[in-house]
Amino acid sequence: MTLSLEGRVALVTGSSRGIGRAIAVRLAREGADVVVNYVSNVQAAREVVDRIREVGRKALAVQADVARLEDVESMVAKAMDSMGKLHILVNNAQIHQGRLIQKLPPEAWDTVLKSGPYGAFHCCRTAVPHMIEAKWGRIINITSFVGLKGWPGDTAYGAAKAALVGLTKSLARELAPKGITVNAVAPGFIRTDMTSVLTEKNIQMMESNIPLGRAGEPEDVAEVVNFLATPAAGYVTGSVYFVDGGLAM
């Protein structure tokens, strides 16, 4: 069994920043060429492309809103035109909007669900045929401890992340005969742009609930995703891996 991703091509959604960025760079360091997806921040996406090229791998930045099927179809077509193949899909893109249920606008609910499970569905639907053709594939969905344990004020986000777990397990059964594995990674409290808006008091409160006593870093998540993407994880499918310092226990 090998941990090398030499000769593999990965598409990581929402990879211009945070966890997605760390995943894209980690896969490249293991040998993968990477398609970097972004919605609006082209400069940030180009910086990720530059980092990937610095380690000697090919990289391509593609703008696409995964909530729109036509955007995803165009993105995958560009990836195939540039890279010629597609083996690894990491569904990381997710918009977060949190409020108490009675104050949550219906349009916010729609936005969160469309960016998460709808986006993952669009990407899987479009990418899977190329994996079947290659007779090899890895799909890793980024869920959250919130999707399995819940969190006040996060009904939309929790619902979106829980849906990814169901998608993961059903798709894993569907694609196993094709040699394609499907797994989910559930980060806990990770230091990203999303969590940087919290007050120091709130951060300390969150960390006090983590058995390992600290917030995670995007690279902690990227390491687990990287393993699941490699040939060494070929007998792992339909599983959910918590990367949360014990928060969800």
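Helices (H or I, at least four residues) and strands (E, at least two) are DSSP runs, numbered from the N terminus. The model is predicted: local features need pLDDT of at least 70, side-chain atom pairs count only at pLDDT 80 or more, and totals for chains, interfaces and linings use all residues. Residues are numbered from 1 along each chain as its sequence is written, and side-chain values use heavy atoms, with hydrogens and water left out.

**Exercise 1.** State the volume of the largest pocket and describe its lining.

Solution. 
Step 1. On a 1 Å grid over the protein atoms alone, a pocket is an open set of points where a 1.4 Å probe fits, with protein on both sides within 12 Å along at least five of seven lines; lining residues have an atom within 4 Å of a point.
Step 2. The volume is the space filled by probe spheres set on the points, which are joined across faces, edges and corners. For the largest pocket this comes to about 1,200 Å³.
Step 3. Its lining has 48 residues, and those nearest the centre are Gln-94, His-96, Tyr-157, Thr-192 and Met-194.
Step 4. Two or more residues each come from α1 (18–29), β2 (33–38), α4 (106–134), α5 (145–149), α6 (155–175) and α7 (200–208). The largest share, four residues, belongs to α4.
Step 5. Sort by class: Ala, Val, Leu, Ile, Met, Phe, Trp, Tyr, Cys and Pro are nonpolar, Asp, Glu, Lys and Arg charged, and the others, Gly among them, polar. The lining then has 22 nonpolar, 19 polar and seven charged residues.

**Exercise 2.** Describe the second largest pocket in the same terms.

Solution. 
Step 1. The second largest pocket has about 160 Å³.
Step 2. Its lining includes Gly-18, Arg-21, Arg-51 and Glu-219.
Step 3. α1 and α8 (218–229) are the elements that supply two or more residues, and α1 gives the most, six.
Step 4. The classes are four nonpolar, one polar and six charged.
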